Amino acid sequence: MMARVGMIVALAGVATMVAALGFLHLARTGLSALRDPVSGYALTRYRSAYTVAAGAAAVTGVAVALLISQIPGTAAAVGSLFAFAVARALIPLFPMDAPDTVRSVRGRNHSILATVAFATVTASAFLAWYPLAAAGEHLLASVSLTAGALMAVGSVIVITGAAHPGPRRLFGLAERLIYLGCIGWFAAVALVLGLA
């Protein structure tokens, strides 16, 4: 029963994230999906949609953590997901600095929260891989490993983009790879473990 509730909450969260992010990408914001970070939407008149997406991510992270906690050996992955949820819940309170402005404390806090969110969700996918495989969930383990790799690639491009102009031109695309891996992994965990 609890697994079904977790699945419903997680899938509702995924659907809400996809809807809010889809709306932001289709709205006339002037932002580039290739270059601009997703957090840039918080600086537009559509900030509320960004807040909805972040809140949905936090709720989904908790639901997925509870689903994964059913699998032995997943304590580290579960802990990482709770850290992800806290970071996603707080990030709307600390919007990024507008481009070409002086770095503020609020902007630094935003960067820290974004780094924590991306690092912990990536780590959780990798940390869940082996326990899922050991529990006989081989397909989900493969999805977890693939999603973790996708998020890791996106993270490497984001990190190198901070120092080099080449990767910086693909900063937005790299972030969206992380989002894609995260959303896909959350949906897969919800469906497989919720219906188990």
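Analyst: The largest nonpolar core has 57 residues, and I68, W185, F186 and V189 are the ones with the most contacts inside it. A nonpolar core here is a set of buried Ala, Val, Leu, Ile, Met, Phe, Trp, Tyr and Cys residues joined through side-chain atoms within 4.5 Å. Buried means under 20% relative accessible area, exposed means over 50%, and partly exposed is in between (1.4 Å probe, protein chains only). Keep in mind that this is a predicted model: local features need pLDDT of at least 70, side-chain atom pairs count only at pLDDT 80 or more, and totals for chains, interfaces and linings use all residues. Residues are numbered from 1 along each chain as its sequence is written, and side-chain values use heavy atoms, with hydrogens and water left out.

Helices are DSSP runs (H or I, at least four residues), numbered from the N terminus.

Now zoom in on W185. Leaving aside residues up to four places away in sequence, W185 touches I68, L81, V121, S124, A125, A128, V143, S144 and A147; a contact means heavy atoms within 4.5 Å.

Helix α4 (residues 105-134) and helix α7 (residues 171-194) pack at about 45 degrees, with axes 11 Å apart. That makes α4 oblique to α7: under 35 degrees counts as roughly parallel, over 145 as roughly antiparallel, 65 to 115 as roughly perpendicular, and the rest as oblique. Axes are lines fitted to C-alpha atoms, for helices over the stretch in contact, and angles run from 0 to 180 degrees between N-to-C directions. On the α4 side, the contact is made by F118, V121, S124, A125 and A128; on the α7 side, by E175, I178, Y179, C182, W185 and F186.

For another pair, look at α1 and α2. Their axes come within 8 Å and cross at roughly 155 degrees, so α1 and α2 are roughly antiparallel to each other.

Notes. Helices (H or I, at least four residues) and strands (E, at least two) are DSSP runs, numbered from the N terminus.
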